[in-house]
Amino acid sequence: MAGDVTPDPPALEEVPATDEISDADAMAERLAEAGRAKRASDRTRKILAYVVLSLFVVIAIGPAFYLISPAFRDSVSLFTYPPEWIPSEPTLENYRFLFSSTSYVRWAINTLIFAGSTTLLTLVTNSMAGYAFARLRFPGRNVLFFVVLATLMVPVAAVLAPTYLTVNTIGDWPIIGNWIDIDTYLGLILPSAVSPLGVFMMRQFIETLPDGLYEAARLDGAGEWRIFTRIVLPLIKPALVVLGIFVFMLTWASYLWPLVAATDNEFRVLTVGIASLKGQFVTDWGILAAASLLTIVPVTIVFLFFQKWFVQASMAGALKQ
Amino acid sequence: MTAVDAPAPEMAADDWTMPSLGAAEYRRRARHYRFRTVRRAAGFLSPYLIVWGVFLAIPVGWGIFLSFNQGGIVDDRKFVGFENWTRAWGDSELRTAVKNTSIYVVIAIGVVFALAIFLASLLNRYKRGSNFYKVALYFPLLAPPILGAMMWFFMTHFDFGVLNLIERGIFGGDGINFLGDNPNALLTIVAVEVWRGLGFWVLFYLAGLQSVPEELQAAARIDGAGKWRRFRRITVPTLRPLLLFALVIAVIFNFQLFDSVQVLTDGGPRLGTATVVWFIHKRLFKFQDTGLAYASSIGLLVVVLILTALSFWLLGKRRQREA
């Protein structure tokens, strides 16, 4: 904060060379003046900085706020001139249509099932695998870890066809095919829970735990599973929360895999559902605005409560690698 | 491998309390020990490895095999050798897609990095209220890319988009065809993606800037170094390793541009916004010319794997320097 209030000492070049000034008083006067001028230019610069920042804030949140207008208007009014910024006759018609004539509720439930299960599955499998890579010694450990890590960035699109065919093939098998297939929850969830990012994060985190912890537990006769569930899991809770938020946000926002894996309306998720509201030729824009607004409001509320975790989680993807 | 195969300390501890064993007995116990460590590790690893193996490792291998085949999604699969690869090389639509994606990657990353470094340095200097600005700038990342794109329909639509309403109302123009004309459409996509990613990169560079020690800046100031000089000699060198790594990561992610294209333009007008992933998806599930999609999928995979290796190498170099 101090940097804001006290200005920097006047830079050297602003002070005239001493041989031009004979009088010490005049020198002091010149210095004070230079200080005042600097302070004034600092203030303008500061105001300018905040104006620029505020401008970008308006750009960042403006489009979402604007949705309120078309969401509560008749779509026809979008095309009238002069434009109607604030709804003159606010209506809930768009929302009535959304709930009665589209499967919005179904999509929302599917999204929660999809993102929730993917997150849970990721947390369980990744923390276990991370523990094995961090603590257990077994032949081939380094090679296996390298092979798994090499798939860190494999794009969904690059394996879209073979993943689709894998799920489709399993779908033809007896019994298991009833559970894992195109247009099933597991068929949607399992291929979304493959990224090794969490395994890597968990391994890094578990490695930092002190060795004494394990030795003490082992002396008390605890097996690996007991050490994992009773000692390691409680200690890595913060890392689990960060990973959980990261995976949840990534999963519920994903589009390409749900687009091809859940074509049946019964299994559609919000992203695919809302995109399907935009017709090829005719689109009811009011309904689209209503659906988009309704979808981002709950996320925004959750975000405002847990913003610090969110920011940490998003950085985890890039920095903690 | 030596560290992995060596018996754990507890084994040695068991040994010296026991009477000396015969060679055969020792081997038997060593085998038993190894079997036990493998079994234990398998217990912890198998839940992840099964999911990973079936739904990622097998698809990667299968994908490579598929790139020498045609069909298989609705019709029968047939082996065609290198035909897909030679056709992919000459396919004009794929070329356009690669060209568009490359143009998009260069412009979008250039713009978003410049803006992010600029805003991050502002936030680093003017700290009052910076938390509010950080949260607000982060906001676009909350919405899925699909919804972000939907919001921008209401900004850029020719008839009722806010930007066009402003353009007509204030400047009296005829409106700008943001999405229906080239090169406007691709530039609009760039703008939308910059809007979405900016908050992330601001926070990213802010974290980098905050790692520059205050004392270094102060010392340089006392030595009479001007603002630009300090930026060039202190800020840039500290950010450089971060910048390179960020660049590679950003290229990896931006090369996969799909969601906003699919919603806003569906590749049009006249392929003006066709991207590589858009091409793959379209060939697989609309055109049924699957062979080309298989080959370009593997092309994408190879590019991304090379970039991933590069990012790990850069990260390793950074670690080394820190150590």
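Modeller: Helix packing between the chains

In this predicted model, the axes of helix H15 (residues 270-277) of chain A and helix H7 (residues 145-156) of chain B come within 9 Å and cross at roughly 25°, where axes are lines fitted to C-alpha atoms, for helices over the stretch in contact, and angles run from 0 to 180 degrees between N-to-C directions. Helices are DSSP runs of H or I with at least four residues, numbered from the N terminus. H15(A) and H7(B) are therefore roughly parallel to each other, the term for angles under 35 degrees. The crossing of H7(B) by H15(A) is left-handed, that is, the near helix is turned anticlockwise from the far one by less than a right angle.

On the side of H15(A), Thr271(A), Ile274(A) and Ala275(A) meet Ile146(B), Leu147(B) and Met150(B) of H7(B), a contact being two C-beta atoms, placed from the backbone, within 7 Å. By class, this contact of H15(A) with H7(B) has 5 nonpolar residues, 1 polar residue and no charged ones, with Ala, Val, Leu, Ile, Met, Phe, Trp, Tyr, Cys and Pro counted as nonpolar, Asp, Glu, Lys and Arg as charged, and the others, Gly among them, as polar.

As for confidence, the mean pLDDT (the predictor's confidence in each residue, from 0 to 100) of chain A is 86, and 91% of its residues reach 70 or more.

Residues are numbered from 1 along each chain as its sequence is written, and chains are lettered from A in the order in which they are written. Local features need pLDDT of at least 70, side-chain atom pairs count only at pLDDT 80 or more, and totals for chains, interfaces and linings use all residues.

Key. Helix = DSSP H or I, 4+ residues; strand = E, 2+ residues; numbered from the N terminus. Parallel < 35°, antiparallel > 145°, perpendicular 65-115°, else oblique.
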